[in-house]
Amino acid sequence: MDLTLTAEERAFRAEVRAFLRANIPAETKRKVDLGLPLVKDDYVVWQKILYARGWIAPTWPKEHGGPGWSPIQRYLFDEELAAASSPRLITFGLKMLGPVLIEFGTEAQKARFLPRILASDDWWCQGYSEPGAGSDLAALTTRAVPDDDDYIVNGQKTWTTLAQYADWMFCLVRTSNEAKKQAGISFLLIDMTTPGVTVRPIRMLDGGVEINDVFLEDVRVPKENLVGAENDGWTVAKFLLTRERFGIAGVARSKVQMARVRDIAAKELKGGCPLIEDARFRERLAEVEIDLTALEMTELRLLSEEAAGRPPGPESSILKLKGTEVQQAITELLLDACGINGHALDPDLIDGLARTDGANLVPLVPEHAATVAGHYFNWRKASIYGGSNEVQRNIIAKAILGL
Amino acid sequence: MNFTFSEEQLLIRDAAERYFREAGGPEIRRRHQALIGGFCPETWAAFADMGWLALGIPEVFGGIGGGGVETAILMEAMGRGLSVQPYLATVGLAAWAVSHGAPPDLAAAVLPRVAAGELILSFAHLEPGMRHDLDRVACRAVADGGAFRLTGEKVLAPFGGQAVMTVVAARTAGAPGETQGLTLFLIDVDAPGLTLRDHATVDDLRAATLVLDDVPVPAERILGEVDDGHGLLSAAVDRGAALLAAEATGLMAALVDGTVGYLKQRRQFDRPLSAFQALQHRLTEMYLETELTRSLVYMAAVRIDGDDPQAAARAVAQAKAKTGQAGRLVGQEAVQLHGGMGVTDEMAVGHYFKRLTMIDQALGDRAHHLERLAAAPD
């Protein structure tokens with residue numbers, strides 16, 4: 001057991017740090033630091049910079065364009081990304097579909113889609129949940145009926161994150177009602193420009209739009225877009241969900257957010273003194289930091305096991321569950337640190353207008369407090385998406401405790 | 001960076017787990033408690049044979065080296081096995097302080113006998129009203145030529161009645177509340193002027209109250225520097241706290257396993273209790289909290305051997321504070337999920353629960369360590 005970095009690991013970290021800090025676009029960094037909304041270009045421009053450096057897909061095998069990093073190097077890279085105020089890399093292509101295609105795709109599918117995922121030329125979204133299929137995902141009813149070389153797809157997907165930007169959607173569809181419900185599902189790739197695809201934005205608690213309904217009406221999808229065997233999509237879906245869970249702990253980002261809490265608490269006052277000097281507030285910080293450190297050390301245990309050739313199984317559910325709990329606890333700290341300053345709604349400040357049009361030169365709230373309430377409201381999603389935390393508990397109860 | 005056990009560490013873990021599967025658990029514990037002295041000399045000799053008492057002791061003094069991680073592995077296994085041996089007192093606290101503070105002649109006289117299982121040591125730093133604040137030591141040590149004479153009262157010295165010698169923290173200068181002026185001594189328990197009262201603890205271990213009345217201690221028995229013992233004392237106590245947290249992890253893991261087993265076997269409403277989701281999710285939380293605690297425990301075990309004392313103190317405080325919170329949760333839930341059986345003396349669960357509960361009270365409770373973390377500079 002050794003928690004110090006080797007000379008090679010330190011050199012790697014220094015190289016990554018220097019590159020990220022020198023190349024992150026200043027405006028993107030500012031938005032991330034203040035928790036302001038990002039637009040499509042913020043993501044794509046930055047991802048293309050990482051792509052050009054060969055670092056866009058740390059988890060991919062080298063022959064498909066991954067950098068060939070060890071689990072510890074991936075951990076260090078995540079740390080440095082967060083510390084450099086990188087936007088979250090959009091996971092749908094890079095962390096979800098990419099590994100799925102590498103595992104289950106045909107050669108033609110790999111050749112067609114993987115390079116465009118790496119280059120961020122295609123934006124992918126995930127068509128899993130439906131109005132009647134949330135935690136019980138296998139209850140999905142979107143139908144795909146064979147018709148010559150195509151499927152005709154009808155149904156509705158929902159909670160589809162950033163579908164408004166998407167060129168493509170990977171989608172679970174029902175191709176059979178014969179056997180038990182998991183056995184009749186297939187994994188299909190759908191071009192979002194196909195006639196019959198309609199995207200309807202859903203406004204969230206913070207006023208932003210990041211999730212959507214996707215309506216599918218007689219959508220014609222070529223059979224060559226089927227991944228894995230027909231009716232074997234559940235195997236693919238489960239593989240993808242375990243991938244989604246890994247890295248979802250968000251330890252690096254939570255560490256940066258904790259630093260933000262401290263910064264804000266140094267600016268906010270209580271009893272005429274900086275809040276950061278308040279003993280009770282400091283104990284709350286200490287408590288959240290304990291759980292964050294415990295999570296980080298648990299992730300390091302699992303990564304070290306992986307490096308020793310023992311990849312994690314259901315233990316990744318620990319990271320999803322406790323990771324999102326810690327993230328939510330930090331959003332509470334941010335909200336509480338800002339106190340009354342987080343109450344007023346200042347859309348101009350959030351949209352960045354206060355600086356440009358001159359009409360609203362005096363912001364209603366301090367810049368650091370503009371988004372904390374919205375962030376808190378928005379982040380309740382974390383314990384719901386990616387397999388709700390209750391589903392994670394079911395997995396742990398069954399797969400680890402044998403209940 | 002590598003946060004897995006080495007081959008040697010896995011061997012220690014496997015040997016310890018194997019040993020306590022045979023020689024651990026509440027039945028053995030009850031038998032050992034009933035022996036004179038409240039522990040089992042044959043078991044202690046077995047610990048010595050396996051090299052466990054030589055852990056952390058330098059090789060020149062008959063030890064086998066090794067450090068925090070190896071000792072934590074053993075303590076975790078002892079927790080699982082509900083061991084009542086004076087391991088923490090002798091090896092974790094006192095022998096460590098001797099290794100790091102004694103003049104070579106004293107170390108050479110004491111440590112080989114500890115490693116061989118011939119010498120049990122205690123650690124007497126607590127006093128009435130002191131709670132967890134090490135600078136509150138009031139016991140006086142007055143210079144008498146080159147020697148000292150100690151007067152004061154020490155409480156809860158672990159296995160003090162079974163020990164031959166004990167480390168004592170006393171004040172050679174300054175007043176309670178000051179870190180400066182503390183000195184550590186290694187004294188003989190049968191020294192003139194020392195009255196000892198051996199007693200049981202609520203978690204079925206042994207401890208002793210020591211009343212010192214002008215007890216003479218020669219200069220060769222000083223550990224570390226005169227007046228400057230606070231650093232050595234707090235490092236020893238931090239090491240002990242990390243090891244207690246390791247023991248707690250073993251206790252928690254045993255409670256999770258035991259409760260899983262009980263829920264599978266106990267039937268109500270024509271179903272095993274393990275089929276109820278409300279109970280499954282509570283067990284899941286117990287499991288998660290145990291794993292998170294274990295991660296912090298081994299971080300602390302690594303850091304206490306590192307070269308950054310601030311990082312070590314922080315890691316220990318985090319691990320021990322987490323142990324307090326998680327230990328309460330796991331202990332209380334284990335009793336609750338065992339139903340009426342959980343509050344009887346017959347079931348194993350209660351014995352684990354008691355030990356786990358009292359670990360939070362020892363060497364700094366959750367509130368104490370949180371306060372330390374909050375007070376540390378950013």
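Trainee: Why does Trp52(B) count as buried?
Mentor: Check the cut-offs. Buried means under 20% relative accessible area, exposed over 50%, and partly exposed in between, with a 1.4 Å probe and protein chains only. Trp52(B) has 4% relative accessibility, so it counts as buried.

Trainee: What are the ground rules here?
Mentor: This is a predicted model, where local features need pLDDT of at least 70 and side-chain atom pairs count only at pLDDT 80 or more, while totals for chains, interfaces and linings use all residues. Residues are numbered from 1 along each chain as its sequence is written, chains are lettered from A and ligands numbered from 1 in the order in which they are written, and side-chain values use heavy atoms, with hydrogens and water left out.

Trainee: What confidence does the predictor give?
Mentor: For the complex, an ipTM of 0.95 and a pTM of 0.96. Chain B has a mean pLDDT of 96, and 100% of its residues reach 70 or more. The pLDDT scale, the predictor's confidence in each residue, runs from 0 to 100.

Trainee: What makes the pair of Phe47(B) and Trp52(B) tilted?
Mentor: Start with the general idea. A pair of aromatic rings is described by the distance of the centres and the angle of the planes. Rings of Phe, Tyr and Trp (its six-membered ring) pair if their centres lie within 6.5 Å; planes under 30 degrees apart count as stacked, over 60 as edge-to-face and the rest as tilted. Phe47(B) and Trp52(B) have 5.0 Å between centres and 55 degrees between planes, a tilted pair. Phe47(B) is buried too, at a relative accessible area of 0%. Both residues belong to a cluster linked by ring pairs, which also includes Tyr19(B), Phe20(B) and Tyr87(B).

Trainee: Why is the pair of Phe170(A) and Phe187(A) called stacked?
Mentor: The whole structure holds 28 aromatic pairs over all chains. In this one, the ring centres are 5.7 Å apart and the planes stand at 10 degrees, so the pair is stacked. Phe170(A) lies in strand S4 (residues 168–174) of chain A and Phe187(A) in strand S5 (residues 185–191) of chain A, so the pair ties together parts 17 residues apart in sequence. Helices (H or I, at least four residues) and strands (E, at least two) are DSSP runs, numbered from the N terminus.

Trainee: Is Phe170(A) buried or exposed?
Mentor: Buried, with a relative accessible area of 0%. Phe187(A) is also buried, at 0%. Phe170(A) touches Phe92(A), Trp124(A) and Leu240(A), among others. Contact means heavy atoms within 4.5 Å.

Trainee: Which residues have the most contacts inside the largest nonpolar core?
Mentor: Phe170(A), Phe187(A), Leu189(A), Tyr87(B) and Leu223(B), in a core of 197 residues. The largest share, 19 residues, comes from helix H7 (residues 230–265) of chain B. A nonpolar core is a set of buried Ala, Val, Leu, Ile, Met, Phe, Trp, Tyr and Cys residues joined through side-chain atoms within 4.5 Å.

Trainee: How do you know that the span of helix H3 of chain A agrees with its length?
Mentor: The expected span is 1.5 Å times one less than the number of residues. For the 14 residues of H3(A) (residues 40–53) that should give 20 Å, and the end C-alpha atoms are 20 Å apart, which agrees. Its buried residues include Tyr43(A), Trp46(A) and Leu50(A). Just after H3(A), Gly54(A) takes a positive phi of about 85 degrees.

Trainee: What puts Arg53(A) over the face of Phe19(A)?
Mentor: The rule asks for NZ of Lys or CZ of Arg within 6 Å of the ring centre and within 35 degrees of the ring normal. Arg53(A) lies over the face of Phe19(A), at 5.5 Å from the ring centre. Lys223(A) lies over the face of Tyr151(A), at 5.7 Å.

Trainee: Why is Asp218(A) called exposed?
Mentor: Its relative accessibility is 53%, so Asp218(A) counts as exposed. Asp218(A) sits in strand S7 (residues 209–222) of chain A. Its phi is positive, about 45 degrees, although Asp218(A) is not a glycine.

Trainee: And is Glu296(A) buried or exposed?
Mentor: At 9% relative accessibility, Glu296(A) counts as buried. Glu296(A) lies in helix H9 (residues 279–307) of chain A.

Note on methods
Lists of a residue's contacts leave out its neighbours within four places in sequence.
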